[in-house]
Amino acid sequence: MSISTLFLFFLYNSIRHWQRQPYQNLLITVERIQASPDERIRFTLEDADTEKLSHKLNQLIMVNEDRESILTREKEKAESARIRAIRLSNETRSINEKLAQEITIRKSVETQLTHTQSFLDSIIDSMPSALFTLDKSGFIIQCNRQAADWLAQERHPLVGKRLSNYICLLYTSPSPRDS
């Protein structure tokens, strides 16, 4: 009886070891995957008892790897877009600084031109005779007060008009002295 008990005990342990072996193999594979996550380790499909489970776990690993590769690609795209955005931001900042400088220079030039224009107007207005400045086509660019008085017109509406239109009127209409 003790030999048969021993034999049963030995048989029980052998069967138990044989039953646990596929699950031990699964655990070993899980530990290998955890230890080396960058390697492509798969579960073996050799054991009929764990074949379906191993197959499903392999599918899960492949889905996870696909997701990781997609995330890596998207992360690279996002980083590339961030770098482009920074570059564009720097270029925009540089262009805006140049524009601000140009605007400052332009305002200064405009102020100087306004002062020069006022200075020239005062010089021209101080002349005792009528003075017209014409372009090549005969249009009035500038005239002094005496010229406007001579034409009996306001000075500013004369700018941009042909002087010949007003000279013809002077010779065709009776002068104030003739009346």
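Me: What is a salt bridge, before we look at Arg-106 and Glu-110?
Reply: A salt bridge is a side-chain nitrogen of Lys or Arg within 4 Å of a carboxyl oxygen of Asp or Glu. In this predicted model, the side chains of Arg-106 and Glu-110 meet in one, with N to O at 3.3 Å.

Me: And how far apart are those two in helix H2?
Reply: Arg-106 and Glu-110 are 4 residues apart in helix H2, so about one helical turn separates them. Arg-106 counts as exposed at 58% relative accessibility, while Glu-110 is partly exposed at 41%.

Me: How many salt bridges are there by that rule?
Reply: The count comes to 7, and one of them pairs Glu-65 with Arg-42 at 2.7 Å, N to O.

Me: Which parts does that pair tie together?
Reply: Glu-65 lies in helix H2 and Arg-42 in the loop between helix H1 and H2, so the pair links parts that are 23 residues apart in sequence. Glu-65 also has a polar contact of 3.2 Å with the side chain of Arg-40.

Me: Switching topic, which residues make up the largest nonpolar core?
Reply: That core has 8 residues, among them Ile-140, Cys-143, Leu-151 and Tyr-166. Strand E2, helix H3 and helix H5 each give two or more residues to this core.

Definitions and conventions: Residues are numbered from 1 along each chain as its sequence is written. This is a predicted model: local features need pLDDT of at least 70, side-chain atom pairs count only at pLDDT 80 or more; totals for chains, interfaces and linings use all residues. Side-chain values use heavy atoms; hydrogens and water are left out. A polar contact is a pair of N or O atoms within 3.5 Å; within protein, one must be able to donate a hydrogen and the other to accept it, and residues adjacent in sequence count only if both atoms are side-chain atoms. A nonpolar core is a set of buried Ala, Val, Leu, Ile, Met, Phe, Trp, Tyr and Cys residues joined through side-chain atoms within 4.5 Å. Buried means under 20% relative accessible area, exposed over 50%, partly exposed in between (1.4 Å probe, protein chains only).
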